[in-house]
Structure formats: structure tokens, C-alpha cells
Amino acid sequence: MTSDASPQPIQSAKSAVESLAAVLGAALPGTLASADDPANALLHDAGVARAVVGRLRREGSGAGNDGLCRWLYDAFQSNLPEIQLAVLRFVPALAGVYMSRAVSRKPLAGFEAVLLALYAHAAAQRGSGEAETVSLPNLANPSVYHDAKVPPKTKAAELDVAVLSPVLEPHGTMRATRRARIVGAVLELYHGKLAIMPLSSKMEFCEFCVAWTGNRSKLDDKPRVAAASEPAAAEEKLRRVPLPWELFQPVLRIVAHCLLGPTNSDELKTQATRAAECMYWRAAETMDARSVLAARSLVRLSQMTEEPIPEPSFSGAVETNMAELEAMRANILSNKN
């Protein structure tokens, strides 16, 4: 990755802040330089988020000599877990802007270098030739809940194995045929840390998700609260992108976490509901059975969460049980007499 200058390697959270200050200059909030925990400030500070995301979404960003892309690349390659988390916080903006611009075939070597570094890290974490799978029970085997229609003659039927994420092949360059797989794997990496990501990062992701689908939700007619780092009049720069299954699935998993995960933010749930509906309509257009089933299930789950579940009342049942017990007691006494 080329750069106009040769920055010093990032070896600590403090050096990461200093190098970021050299890139952003006056745009960097003063709270970051004076923070007691620079790594935590990089992850959670709203001012830092606005400055970095605004720079990523700026016209002309993502080129090979982009200083911010160079910082993201070096920060993640530092192998400092707390700094790597701070880089993952900006994955929604990084992937969102890149995918929206990649369809126009613009040179985006800076974005691609960062995404490839994240992809290589995800591949190394999983291991060579390892797919992410989950075992599903085979209904041909009897269980405590059901009897098999045709009992196995010799041995139990093998479990069904579903592939959540295929093998991550090593890739050193970004090509159009690999783009969805590489970005999808980066989103899977982001999903693995989603529980500790700040609210603004999740809001940004849902916003980009809606833009990628190119659809409208019924919630678009209602007033919407923008993400904390959303720049004014930037939405027209985002555009519809191809969403094959290897990209559609991790996107939907992140939206599902934002919608159904442990959060007290009504704003995030509203934005995630909007994203889930747009994902469903996009899947309905392509008529991909997996995408339609997954997106429709998420939409239905979101509708279930909106309906309050009534708390059970035991008063009537207790009175009924007491009456039955009294009748049984009277019957026992009469038989003794």
C-alpha cells in the first residue's frame, strides 16, 4: 500500500492516537489526545467516529495513497487486540462505501488493502481449509420428542451438517469474482465482535445495509434518527450493490443481532427493522430460496418482538385447584364414614 509518507509502526495505543492525529489533523477531537485510555476512546468516542467515518465517506477516499486507509491498515497489523477492535468498529463505513463505489469500477486500492488485511486475519483465525459448520439433528433418528417413521436398520443416521461459512481461501488481490466473499468474511469477523461494538457502529451498518438493497421500507415514511456519525447529504453517494448469498448471509446475521440482541436502544431496533424489511424485499426480487426464507423469518421475528407478551395470571388457576382439592378431601372423608 503506497503512501506519501512513511509512518512509524504502531506499537501501542498511544502511538496509534499520535499517528491518527497526524492523518486527521484538526479534525481529530481533543478528547482523544487527553484520554486516559486511548484505545477505549478510539472505540467509543463519538467525536472520533464522526471524524473517521466522515473522512471515509468523503469524495475521493479509498485511493492507494489515502492516509486514513494507511492508518487503518497499520493499526490492524499492529496485532494489538484493543487497536484491532478500534479498526473493526469502522468496518460498516469501510465496507459500505467500498461496495457502493466498487460497482462503478473506481480505483480503491486503499480500501482493498485494509479489507484484504482483515480477510487474511479471519482466514488465519479459522485455520487452513476449515469451514464454519453447525450440526443439525437428523429426523430419521428417534428422539425423546418423536419416533422415527422408518427405524434405522443398522445404525443411526448421520447428523446433517450445514455450512455457515465456506473455506476461506488465501487471496492477495481483490477481484470482482472474489469481492462478495472477501467482504462477507470481513463482516463475519465484525459480527464476532458485535456485542462490544458501540451503538453508532451498528447504526451505520444498518444504514449501509438499506442502501445496498436499493429498497424502501414502510418505516421510510416515518421520521428517522440518523446515526451519530452520519454526515449530512451523504446518502445519495451510496448505491445498490450485488448481494449474493456469501454476502447476504453475514449481513442478515448482523442485522438480526442488532434487532434481537441485548440492546436498550429503540433507535437501533427501528433501524434494524427497516434493514430487515429491505433485505426481504431484495431477496424476493432475486427469488433465492435461502435468502427469502432467512429474511422472511427475521421480519416475522421482528414483528413478534413488537407485540407485548401478556404475563400469565395464576389467580384463576389457584382458585380452581383449591376447589378441586376441597372436593377430593370431602370425597375421601365421606368414604371413610
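## Helices, loops and cavities of the predicted chain

S201 lies in helix α10, which covers residues 199-213; helices (H or I, at least four residues) and strands (E, at least two) are DSSP runs numbered from the N terminus. The model is predicted, and local features therefore need pLDDT of at least 70, side-chain atom pairs count only at pLDDT 80 or more, and totals for chains, interfaces and linings use all residues. Residues are numbered from 1 along each chain as its sequence is written, and side-chain values use heavy atoms, with hydrogens and water left out.

S201 counts as buried because its relative accessible area is 0%, where buried means under 20%, exposed over 50% and partly exposed in between (1.4 Å probe, protein chains only). Leaving aside neighbours within four places in sequence, S201 is in contact with R89, P92 and Y190; a contact requires heavy atoms within 4.5 Å.

The chain as a whole contains 14 helices and two strands. Of its 337 residues, 44% are buried. Among contacts between residues at least 6 apart in sequence, 76% join residues at least 24 apart.

Helix α8 spans residues 109-126 and has 18 residues. From the first C-alpha to the last, α8 reaches 26 Å, close to the 26 Å expected at 1.5 Å a residue; the expected span is 1.5 Å times one less than the number of residues. The buried residues of α8 are G110, F111, A113, V114, L115, L116, A117, L118, Y119, A122 and A123. In an α-helix there are 3.6 residues a turn, so residues three or four places apart point the same way. The cover over the buried residues of α8 includes α4 (46-56), α5 (67-77), α6 (81-88), α7 (91-102) and α9 (179-192). Just after α8, G127 has a positive phi of about 105 degrees.

A180 is buried because its relative accessible area is 12%. The C-alpha atoms of A180 and M99 are 8.8 Å apart in space, while the two residues are 81 apart in sequence. Apart from neighbours within four places in sequence, A180 is in contact with P244, E246 and L247. R181, with a relative accessible area of 13%, is therefore also classed as buried. R181 and E169 are 12 residues apart along the chain, and their C-alpha atoms are separated by 9.7 Å.

The loop between α10 and α11 (245-260) holds P242. P242 touches V103, L247 and R282, not counting residues up to four places away in sequence. P242 and V103 are 139 residues apart in sequence, with 8.5 Å between their C-alpha atoms.

Most residues other than glycine have a negative phi. N79, a residue other than glycine, has a positive phi near 65 degrees. N79 is in the loop between α5 and α6 and, at 55% relative accessibility, counts as exposed. M287 likewise is not a glycine, yet its phi is positive, at about 60 degrees. The loop that contains M287 runs between α12 (266-286) and α13 (289-306). With 66% relative accessibility, M287 is exposed.

Cysteines were examined for disulfides, defined as pairs of cysteine sulfur atoms within 2.5 Å. The count by this rule is zero. C278 is in no disulfide, and the nearest cysteine sulfur, that of C209, is 7.4 Å away. C278 is buried because its relative accessibility is 0%. C69 is also buried, at 0% relative accessibility.

A search of the whole structure finds two cavities of 30 Å³ or more. On a 1 Å grid over the protein atoms alone, a cavity is a set of points where a 1.4 Å probe fits but cannot get out, and lining residues have an atom within 4 Å of a point. Grid points are joined across faces, edges and corners, and the volume is the space filled by probe spheres set on the points. The second largest cavity holds about 30 Å³ of space. Its lining consists of K202, H257, C258, G261, P262, T263 and L268. These lining residues divide into three nonpolar, three polar and one charged, where Ala, Val, Leu, Ile, Met, Phe, Trp, Tyr, Cys and Pro count as nonpolar, Asp, Glu, Lys and Arg as charged, and the others, Gly among them, as polar.

Methods:
On a 1 Å grid over the protein atoms alone, a cavity is a set of points where a 1.4 Å probe fits but cannot get out, and a pocket is an open set with protein on both sides within 12 Å along at least five of seven lines; lining residues have an atom within 4 Å of a point.
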